[in-house]
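The sequence and structure are shown first.

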Amino acid sequence: MTSLPAHAGPDKPGSAPPTTAKHSLRSAVTDENFYFVMADRFQNGDPANDDGGLGPDPSVSGFDPTSKGYYNGGDLAGLLQELDYIQGMGTTSIWLTPSFKNRAVQPEDNSAGYHGYWITDFTQIDPHLGTNEDLRTLIDAAHARGMKVYFDIITNHTADVIAYDAGERAPYVSKDEEPYRDAEGNAFDDRDVAGTGAFPELDAATSFPYVPVVPAADRDLKVPDWLNDPTLYHNRGDTTFAGEDSFYGDFFGLDDLFTEHPRVVDGMIDIYKTWIADFGVDGFRIDTMKHVNDEFWQQFGPEVLSYARAQGKDEFFMFGEVFDTSKAFTSQFTTRNRMQSVLDFPFQAAARGYASQGAPASELETFFAGDDWYTDADSNAYSLPTFLGNHDMGRIGGFITADNPGASDDELLARDTLAHELMYFSRGNPVIYYGDEQGFTGPGGDQDARQTLFASQVPDYLDDDLLGTDATHAEDTFDVDHPLYRGIASLAGVTAEHPALRNGAHQHRYASEGPGIYAFSRTDATDQREYVVALNNSTEPQTAAIPTYAAKRSFGLVYGDASQRAKSAADGTLTVTVPALSTVVYELSGRVPPSKAAPAVSLQAPTPAAEDNGRMRIAADVAGSSFYEVTFEARTAGAEWTGIGTDDNAPYSVYHDTSALPAGTAVEYRAVVLDNGRHSRTSATASAAVPAPKPTMGLPAEGTQVQGAVDVTATVSPERSDYAVTLERSVAGGTWTAIGTDESSPTYSAVDDLTALELADGTQVRYRAVLGTSVSDVRTVTVGSIVDQPGTVAVAGSLDSELGCGGDWDPACDAAQMTFDDASQAWLLEVQDLPAGSYEYKAALNRAWTENYGAGGAPDGANIVLNHPGGAITFVYDHRTKVIGTR
């Protein structure tokens, strides 16, 4: 953080002592252009390693260039061969999918480890991709060109080696049903000791709900050797990706590491320190970050970063995969958990909505206004890697094609370009998913979005349409004249020539209520030159008067199809016409006029954030209309003032993490505004008390019908291991009665057996959770087996095209509709032959998205993930619980 001498504004009686005015933080990576590449699917530079030295049988080697679920032949030598191509589009950082040695084939999944997520040896490059020396050669060659190399790493799991006494793969067993036990047989909660170094000794035969079983041939398979200890895994069965099991369950059988255990924490830190020291890796993308406990990240992140900097890697950078579109949640990993950054999944959703789906421009205004969630003393939204699609969810070209059926090739290409323009000109660090620069599409995510750039032999890829070209996947697609390749290179060139377009303050200027212009400024705090970026997602030209910091000043065009020069009006507005599905960028001639005196600044009343009860929203009102930056500080009684973040775009605010402070603790706040004339002024102070932790109900789902045993669950924000939560029930509006108290985090649960109460059908029962004086929301259910069923239920998801629909995520498609079964009172959809792949889906009612249910039966809940080996499958939906799944 750059500090400036503070110039006090006019004295104000009772004001706090002057603070130090600061510029908004910019990390060393706010000018990176990432190229995200799956080595097996890029270029085959060395056919000799195609089978990884395992022989010609695909069921052993995993190599089958005709199958999208097996190794196709790409390698590190191919990446080295194509560095000119990669750098030619303005790439500054290459990000590789996991490249460590994998279990070549997992028969249960009818697939191979080409993707890199089934690791057996964390010290060796997968032989299908080359050798450790090949990696060293690639990194050295990239560094010689001024490019960085990032590794995709995994800390959550290894390959599927461990089976259970109950079978190869087994359903999840909760910690409430069967707690962990130490080697002496005493029950304990791992969350009580996570991060303390006081973890008890475990015994494979008695400590877990399932006894881990390792085949004799695999007992020394994993490297380093400590990974072969079965007590260093959770051993609780497969996850459903919701609630407690999202932290403890196996991902489709993958051995889930006991990341609460200090041996695992230390071991993972040592593994990745080695790749930094021995190979000069420049940073890590961290897989499945939200499925690992907070204490792990709070130790792993700072220690690895400190080590990298001690090795001379001053710009070392780590960002995590947190697959969620809520900024209140994704930002917790950069604030509370002390990691540098996370992939910007919320941006991907917003960019698709605007560029592909014609969403109102005002939705982008709302989206960027939420960036303050990420602002704290050592990170903010400017370091977030932004992207439009990836190897899991699918490609931007595929989204655009699915969202715009019947659109012309020119319109599809224009929308794709518009999405990239938004990504390059707005805050964050753009990530190009390999092949997007060649117009790759594909009908879905996972294997359907992992095409090769070299000529493919996969039938499912050969029938894909590519945007902007007549080429097919039957030929190499390294076309440097492709309009998207040239367009991305142009965007990289413009932002390199005008750095403020990459790391300048992103400040909202204008948004149409419907589809149309979204405009923002990028202004460098030092150079003080304003750039105005205006995008138009309408299919017609649009004109808008866009506010700027400079009245009656000339602006020159630096990008797009518009007048070469424009002049702002007396009120500072710049009238701009933007062609359909296009972007224009203007640069102010000269600097923004300097302020003559610091504006007045005052704090709003600090308020606990409704979305995250462990954070306090601190906001400042600033008078005036020039370029300002506001620094916020906090202190508790007897402590020094501490910076909690600097915001450079209105409305000015931060979300202060108070989760480590006891409830009721008084916290004092103040703010200082810095104008562009280097004047500053400090606000009066404001105080607030840390709120009590807030319980939130999980199950049962609101409005469901129940009978017999009812599962009741709750979570608490902020999470801590020392909570004891009481679950309560009220019958027919009567008094609240405790049904159980649970001390096992992160999910608190009880089972309420209604059988003994002999309640009549139609009786309403309410449930809530209580922690101290804090009471959760209330869930109301109805006793009875008769349910008013919906008209229709659809399995709506990324598998709909495989079911015979015209596109994915189509709740109206006939082929996706389920059939009601009177005997089971459930909805069924039997699919005879669903292709192997990873899919996501929900239950959508009445052929629309108005009412839909995701993971755990939650309304508008998270997508449910299905990793299917191929073949028959039956989907089941129960409207009493709102839960959809498979059998």
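The text below takes up these topics in turn, for a model that is predicted.

**Aromatic pairs**

Across the whole structure, a search finds 49 aromatic pairs. One of them joins Y164 and Y210, whose rings are stacked, with 4.9 Å centre to centre and 20° between the planes. This pair links distant parts of the chain, its members being 46 residues apart. Y164 belongs to strand β8 (residues 163–164), while Y210 lies in the loop between α5 (190–193) and β11 (212–213). Y164 counts as buried because its relative accessible area is 6%, under the cut-off of 20%. Y210 is buried as well, at a relative accessible area of 10%.

A second pair, Y180 with F188, is tilted: the centres are 6.3 Å apart and the planes make an angle of 35°. Both Y180 and F188 are buried. The two pairs are set out in the table.

| Aromatic pair | Centre to centre | Angle between planes | Geometry |
|---|---|---|---|
| Y164 and Y210 | 4.9 Å | 20° | stacked |
| Y180 and F188 | 6.3 Å | 35° | tilted |

Aromatic residues also gather in a cluster made up of F100, F122, F151, Y272, W275, F279, F284, F296, W297, F300 and F316.

**Charges over rings**

Which ring does the charged end of R41 sit over? It is the ring of Y114, with the charged end 4.0 Å from the ring centre. In a further case, R509 places its charged end over the ring of Y549, 4.1 Å from the centre.

**An open sheet**

An open sheet is formed by 3 strands, ordered β34-β36-β39, with antiparallel pairing. β34 (694–699) and β39 (748–753) each have a single partner strand and stand at the edges, so one side of each lacks a neighbour in the sheet. On average, and with direction ignored, neighbouring strands of this sheet are turned by 25° against each other. The antiparallel pairing of β36 (residues 709–717) with β39 runs over 6 bridges. V710 has D752, in β39, as its bridge partner.

**Cavities**

Rolling a probe the size of a water molecule over the atoms shows where empty space is left. The structure contains 6 cavities of 30 Å³ or more. The volume of the largest cavity is about 80 Å³. Its lining consists of 13 residues, and of these D371, T375, A381, Y382 and N649 lie nearest the centre of the cavity.

Terms used:
Residues are numbered from 1 along each chain as its sequence is written. This is a predicted model: local features need pLDDT of at least 70, side-chain atom pairs count only at pLDDT 80 or more; totals for chains, interfaces and linings use all residues. Side-chain values use heavy atoms; hydrogens and water are left out. Rings of Phe, Tyr and Trp (its six-membered ring) pair if their centres lie within 6.5 Å; planes under 30 degrees apart count as stacked, over 60 as edge-to-face and the rest as tilted. Helices (H or I, at least four residues) and strands (E, at least two) are DSSP runs, numbered from the N terminus. Buried means under 20% relative accessible area, exposed over 50%, partly exposed in between (1.4 Å probe, protein chains only). A charge sits over a ring if NZ of Lys or CZ of Arg is within 6 Å of the ring centre and within 35 degrees of the ring normal. Two strands pair if DSSP finds at least two bridges between them. Axes are lines fitted to C-alpha atoms, for helices over the stretch in contact, and angles run from 0 to 180 degrees between N-to-C directions. On a 1 Å grid over the protein atoms alone, a cavity is a set of points where a 1.4 Å probe fits but cannot get out, and a pocket is an open set with protein on both sides within 12 Å along at least five of seven lines; lining residues have an atom within 4 Å of a point. Grid points are joined across faces, edges and corners, and a volume is the space filled by probe spheres set on the points.
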